Amino acid sequence: APVCVLVLGMAGSGKTTFVQRLAAHLHGRRCPPYLINLDPAVHDLPFPANIDIRDTVKYKEVMKQYGLGPNGGIVTSLNLFATRFDQVMKFIEKRQNASKYVIIDTPGQIEVFTWSASGTIITEALASSFPSVVVYVMDTSRSTNPITFMSNMLYACSILYKTKLPFIVVMNKTDIIDHSFAVEWMQDFETFQDALNQETSYVSNLTRSMSLVLDEFYSSLKVVGVSAVLGTGLEDFFTQLSKAVDEYEREYRPEYERLRKTLEEAQNKQKKEQLEHLWKDMGSVCVQGSTLAGPDDASAMGPSELILTRGTLDEEEEEERESDTDDIDHEVTEESHEEPAFKNFMQETRMKYQRSNPNE
């Protein structure tokens, strides 16, 4: 199965450039990825998307039709697209032998994806079928201030708990500034406190408290320094991605399979309840209208029981019925003696059952 890589990050962090670099790197390894663009507001994509939300939803038309601003338009476009995501899943399944990686680029407004119902639907649909990893891209050059760095880390932490998936932080733009200062802040609490001591605002006190809380988060966090522009750090990224996939298989897949099983059980229960309602409806009609046999006659079973036994005979019985022409003639003769009203009722009931259970 392909690995689904969900690329998230703040506006301007270099997500799309990072996706472009990943795609180029994989093409260079003769391992072309399957690329999906979920940003309806992007003007020009620097990579050829296999599935593009812009082909399905016209962002500006959505804004006009619903009287929305830019962010509302993006949210609504993503919601509309999420209703068709089952089709996207079918495309991914068809290509799973050809592509080892499925890379998904998300909207620049990160909260649109992480805190919307559509983002949850898309994430859970992918994670319940394929090994999935969340990649959080952050702008290292903008995180040199300890308070801005902490804000980024808090957002990363919230996404980790929201998505419940393996998580990699990609510290992008290392061509501008090396990410070693950020790694040191994460590994050495005292160093981060020293940097904070130079800040005297109220926010610095809050940040100091938060850094204690995030200590546990840092300890198991996968961090990679990358330059999407130069293409450096990608080998390290794929090493971490491989570890994240192992983590998914070990810790997350059993949970998603349990959720899928629970969902199937709920659907089966609903189907069973619909059948029971149908059974009651058909049974009551039969009791009121049946004049064909006495109460002790075996043929007096309700029409619902007749329908439920249709097509469930053993193979041997079916073969006997197909091979014995006398039985067939006999059945035709018996059918011709049926009450016309009862015959019509049976046809209507069969149609009603088929409408209630189109998948059977």
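Cys157 is buried, at 13% relative accessible area, where buried means under 20%, exposed over 50% and partly exposed in between (1.4 Å probe, protein chains only). Cys4 is buried too, with a relative accessible area of 0%. As for disulfides, the count is 0, taking a disulfide as a pair of cysteine sulfur atoms within 2.5 Å.

A word on the ground rules. The model is predicted, and local features need pLDDT of at least 70, side-chain atom pairs count only at pLDDT 80 or more, and totals for chains, interfaces and linings use all residues. Residues are numbered from 1 along each chain as its sequence is written, and side-chain values use heavy atoms, with hydrogens and water left out.

On the whole-protein level, there are 17 helices and 7 strands; these are DSSP runs (helices H or I, at least four residues; strands E, at least two), numbered from the N terminus. Of the 360 residues, 41% are buried. The accessible surface comes to about 20400 Å², with 50% of that belonging to carbon and sulfur atoms; areas come from the Shrake-Rupley method with a 1.4 Å probe, and for residues only the protein chains shown count as cover.

Now for the nonpolar interior. A nonpolar core here is a set of buried Ala, Val, Leu, Ile, Met, Phe, Trp, Tyr and Cys residues joined through side-chain atoms within 4.5 Å. The largest one has 59 residues, and Ile36, Leu126, Tyr136, Phe149, Phe167 and Phe217 have the most contacts inside it. Helix α8 supplies the largest share of this core, 9 residues. Leaving aside residues up to four places away in sequence, Ile36 touches Ile51, Val88, Ile92, Val102, Ile103, Ile104 and Asp105. A second, separate core holds 29 residues, including Leu35, Phe237, Leu241 and Val245.

Helix α9 (residues 180–187) buries Phe181, Ala182, Trp185 and Met186. Viewed down the axis of α9, these buried residues fall within an arc of 140 degrees, so they line one face of the helix; the arc is that of the directions from the helix axis to the C-beta atoms. An α-helix has 3.6 residues a turn, so residues three or four places apart point the same way. The packing partners of the buried α9 residues are α8 (146–163), β6 (167–172), α10 (189–197), α12 (215–219) and β7 (222–225).

Turning to charges, the count is 8 salt bridges, each being a side-chain nitrogen of Lys or Arg within 4 Å of a carboxyl oxygen of Asp or Glu. Arg253 and Glu249 form one of them (2.6 Å, N to O). These two sit 4 residues apart in helix α13 (residues 234–289), about one helical turn, and Glu249 is partly exposed at 35% relative accessibility. Asp139, by contrast, is buried at 6%. Asp139 pairs with Arg142 (3.2 Å, N to O) and also with Lys173, whose closest N and O atoms are 3.0 Å apart. Lys173 lies in the loop between β6 and α9 while Asp139 is in strand β5 (residues 132–139), so this pair ties together parts 34 residues apart in sequence. Through shared partners, salt bridges join Asp139, Arg142 and Lys173 into one network.

Key
Contact = heavy atoms within 4.5 Å.
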